Amino acid sequence: MPHELPPLEYGYDSLEPWIDKETMVIHHDKHHKAYVDNLNAALKGHEELQDKPVEELLKNLNAISETIRTAVRNHGGGHYNHSFFWKCLEKNSKPMGEILTAIKKEFQSYENFVEKFKLAAVTQFGSGWAWLVLNPRGKKLEIIQTYDQESPISLGKIPLLVVDVWEHAYYLKYQNRRPDYVNAFMNVINWEKVNENYLEAMEK
Ligand code: MN3
C-alpha cells in the first residue's frame, strides 16, 4: 500500500486569523502531498519497506539501504512531521490536564515554557521544527529543534507538540516575520491532543 496524504480533520480556514486559509491549502495539498509522493517514489523497487508504517521507517533509518536512506529521512520525515503537525492545531483550546501540570513542574511556569518554546522556534536556523517531546529516559519533558525534516522519533524521543518553522508555513501571511507567526501559533495549539500525546507517551 503506498503512503497516502491524510485529509485535514478541520476546515482550511478554521485557524483564521492566526494561520490563513491560503497557507493551509498550499501547505497541506501541495507541500505535504509532495513529501508523500516523493516517499512513495523513493520506496519503489524496495518491496520489503513498502508495507511498513512511516514511523517504523524513521525509527530504524540505519536499517534502510544507504541508496534511499536520505530520501526516506527527508520525505518520510516530511510526511510524518506534517501529519503530526496538523493534529496539534485547533482554535480556542486552552492549556489543560496532566500536560499542564508536567509543564509547570519542568519549566517552573506555563509562561516560562511559552518563552522557551517560542525561542526555540524563532532561533531554529533555516528550515526546521521546534518540538516539545518526552524523553523516555527519565520521562522528562524537553524542548528541541530539528533541522529540515528530521523527526524526533529518529532520535528516540516521543513528540508531544510541534511548530513548523519552514518559511512555507508562514511566508504568505507573515513574510519574514517568523516571531509574529510563532506568537500566532501559540493561539492555535490543540491542548487536548497534546495532553493525549503526553498520556500515551507516559505509558510507553
Ligand atoms: Mn511544512
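**Where the two domains meet**

Mentor: In this predicted model, the count of salt bridges between domain 1 and domain 2 is 0. A salt bridge here would need a side-chain nitrogen of Lys or Arg within 4 Å of a carboxyl oxygen of Asp or Glu.

Trainee: Which residues belong to domain 1 and which to domain 2?

Mentor: The domain assignment of the protein places residues 21–87 in domain 1 and residues 97–202 in domain 2, and the centres of domain 1 and domain 2, taken over C-alpha atoms, are separated by 20 Å.

Trainee: How many residues of each domain are in contact, and what area is buried between domain 1 and domain 2?

Mentor: Contact involves 20 residues of domain 1 and 24 residues of domain 2, while the buried area comes to about 1700 Å², with 65% of it given by carbon and sulfur atoms. On the side of domain 1, the residues that lose the most area to domain 2 are Asn81, Phe84 and Phe85, which together give 34% of what that side buries.

Trainee: At what angle do helices H6 and H8 pack?

Mentor: Helix H6, residues 110–123, packs with helix H8, residues 178–185, at an angle of about 140°, and their axes lie 9 Å apart. The crossing in which H6 passes H8 is right-handed.

Trainee: Which residues make the contact between H6 and H8?

Mentor: From H6 come Phe117, Lys118, Ala121 and Val122, and from H8 come Arg178, Pro179, Val182, Asn183 and Phe185; sorted by class, the contact of H6 with H8 has 6 nonpolar, 1 polar and 2 charged residues.

How values were computed:
Residues are numbered from 1 along each chain as its sequence is written. This is a predicted model: local features need pLDDT of at least 70, side-chain atom pairs count only at pLDDT 80 or more; totals for chains, interfaces and linings use all residues. Side-chain values use heavy atoms; hydrogens and water are left out. Axes are lines fitted to C-alpha atoms, for helices over the stretch in contact, and angles run from 0 to 180 degrees between N-to-C directions. Helices (H or I, at least four residues) and strands (E, at least two) are DSSP runs, numbered from the N terminus. A crossing is left-handed if the near helix is turned anticlockwise from the far one by less than a right angle, and right-handed if clockwise. Contact means heavy atoms within 4.5 Å. Ala, Val, Leu, Ile, Met, Phe, Trp, Tyr, Cys and Pro count as nonpolar, Asp, Glu, Lys and Arg as charged, and the others, Gly among them, as polar. Domain bounds come from an automatic or database domain assignment. Buried area is the accessible area (1.4 Å probe) that two parts lose on being put together, summed over both.
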